[in-house]
2 protein chains.
Amino acid sequence: MARWDPGTEERLTKAALELYSEHGYDSVTVTQIAERAGITRRSYFRYFPDKREVLFAGSERLPAAVADAVRTADETASPLTATLDALAQVGTQLVMLVDHAAERRAVIDSSAELQERERTKLAALTTAIRGALDQRDVEPGRAGLVAQIATIAFQNAFFQWVEAQGQIDFPTCLRSVATELRDTLRHE
Amino acid sequence: MARWDPGTEERLTKAALELYSEHGYDSVTVTQIAERAGITRRSYFRYFPDKREVLFAGSERLPAAVADAVRTADETASPLTATLDALAQVGTQLVMLVDHAAERRAVIDSSAELQERERTKLAALTTAIRGALDQRDVEPGRAGLVAQIATIAFQNAFFQWVEAQGQIDFPTCLRSVATELRDTLRHE
């Protein structure tokens, strides 16, 4: 009974999102989330360390998965192409796990604390990509910039994907952002 | 005597940097910083809300100053050019205020909490730039991307400027990063 259970994780995420939307992020407690999901407050902490992390379930696997995909990408691909391909591949799996993406976005946008956590998550992604590019012998300065640009592309593509409500797939969103980025820097 | 005094702010920044370098960021208290600067703990809070903010003195003025410069930039300049020009102009004034930049960098790199605060500062810059571009009637999606790219350029230029230890001026660092960014996106 004390084991980690994916069904419980999903129930907690759902319960948290509902409560945050109903009462506002600040006024909801871990106890309330646990109660609505039918578990104890103590069990909650087997799943998430705090009330922020519950909105980022699954995201802890993203940096390592993307780094793996970057390392094993086609050797002839440019650093940015290798990274965007990796993000398209891993991102497609990730977004399938995101339920109620629009509500989740609205809750994050309502809280400085949650935005902070989101930035920390994105920074971890940047660091992982930079590390993987280092292993592909990309010059450190270049690796850093590619990792930062790729993270922006990921973030904006995810945003577009949420806005499109399932009408556009994630790789298409990512390609569209990459094109816009190129465009932005070209029109100097 | 209870008035805000720029000399005291500078002494606090210097004291904090020394103590953080000597004992590590985590183990230093606001009381110790105040003591070394020769003021009371209570007076400390007239200058900074916490022990993180003391390392970012002056940065609260950056977003508004950059936004002003973006709004008043040459009307014919592209969004990115207008923004980079604004950052070169305001950044040059800002970096002159940064003492002991290398030690400051080392302290920030040593603490997850400080890196988080730095990301929050950069996010405020991005938001301010996006707002100023909106007022220049730049299309919202484009304004968002330009603001994000410009923030990356600023961050990396500041980093290069610190590394160069005063041998390269800030606008030159910024131009060099902008060129690298363009290069990175061109070699697709």
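The crossing of α4(A) and α5(A) is right-handed, a crossing being called right-handed if the near helix is turned clockwise from the far one by less than a right angle, and left-handed if anticlockwise. In this predicted model, local features need pLDDT of at least 70 and side-chain atom pairs count only at pLDDT 80 or more, while totals for chains, interfaces and linings use all residues. Residues are numbered from 1 along each chain as its sequence is written, chains are lettered from A and ligands numbered from 1 in the order in which they are written, and side-chain values use heavy atoms, with hydrogens and water left out.

The two helices of this pair are α4 (residues 62-71) and α5 (residues 79-97) of chain A, and they pack with their axes 8 Å apart at an angle of about 140 degrees. This angle makes α4(A) oblique to α5(A); angles under 35 degrees count as roughly parallel, over 145 as roughly antiparallel, 65 to 115 as roughly perpendicular and the rest as oblique. The axes are lines fitted to C-alpha atoms, for helices over the stretch in contact, and the angles run from 0 to 180 degrees between N-to-C directions. On the α4(A) side the residues that meet the partner are A:Leu62, A:Ala65, A:Val66, A:Ala69 and A:Val70, and on the α5(A) side they are A:Thr83, A:Ala86, A:Leu87, A:Gln89, A:Val90 and A:Leu94. Contact here means heavy atoms within 4.5 Å.

The axes of α8(B) and helix α9 (residues 170-186) of that chain cross at roughly 125 degrees and come within 8 Å. That makes α8(B) oblique to α9(B), and the crossing of α8(B) and α9(B) is right-handed. From α8(B), the contact draws on B:Ile149, B:Ala153, B:Phe154, B:Asn156, B:Ala157, B:Phe158, B:Gln160 and B:Trp161; from α9(B), it draws on B:Phe170, B:Cys173, B:Leu174, B:Ser176, B:Val177, B:Glu180 and B:Leu181.

As for the overall fold, chain A has nine helices and zero strands, where helices (H or I, at least four residues) and strands (E, at least two) are DSSP runs numbered from the N terminus. Its C-alpha trace spans about 50 × 35 × 25 Å along the principal axes. Of the 188 residues of chain A, 50% count as buried (buried means under 20% relative accessible area, exposed over 50% and partly exposed in between, with a 1.4 Å probe and protein chains only). Among contacts in chain A between residues at least 6 apart in sequence, 64% join residues at least 24 apart.

Helix α7 (residues 112-135) of chain A holds 24 residues and reaches 35 Å from its first C-alpha to its last, close to the 34 Å expected at 1.5 Å a residue; the expected span is 1.5 Å times one less than the number of residues. At the start of α7(A), a side-chain oxygen of A:Ser111 comes to within 3.2 Å of the backbone nitrogen of A:Glu113. After this helix comes A:Asp137, found in the loop between α7 and α8 of chain A. Phi of A:Asp137 is near 65 degrees, a positive value in a residue other than glycine, and A:Asp137 counts as exposed at 73% relative accessibility. In chain B, B:Asp137 is found in the loop between α7 (112-135) and α8 (140-163). B:Asp137 has a positive phi of about 65 degrees although it is not a glycine, and its relative accessible area of 70% makes B:Asp137 exposed.

The side chains of A:Thr151 and A:Thr126 are joined by a polar contact of 2.8 Å. (A polar contact is a pair of N or O atoms within 3.5 Å; within protein, one must be able to donate a hydrogen and the other to accept it, and residues adjacent in sequence count only if both atoms are side-chain atoms.) Not counting residues up to four places away in sequence, A:Thr151 touches A:Leu122, A:Leu125, A:Thr126 and A:Ile129. In chain B, B:Thr151 lies in helix α8 and is buried, with a relative accessible area of 5%. A polar contact of 2.8 Å links the side chains of B:Thr151 and B:Thr126.
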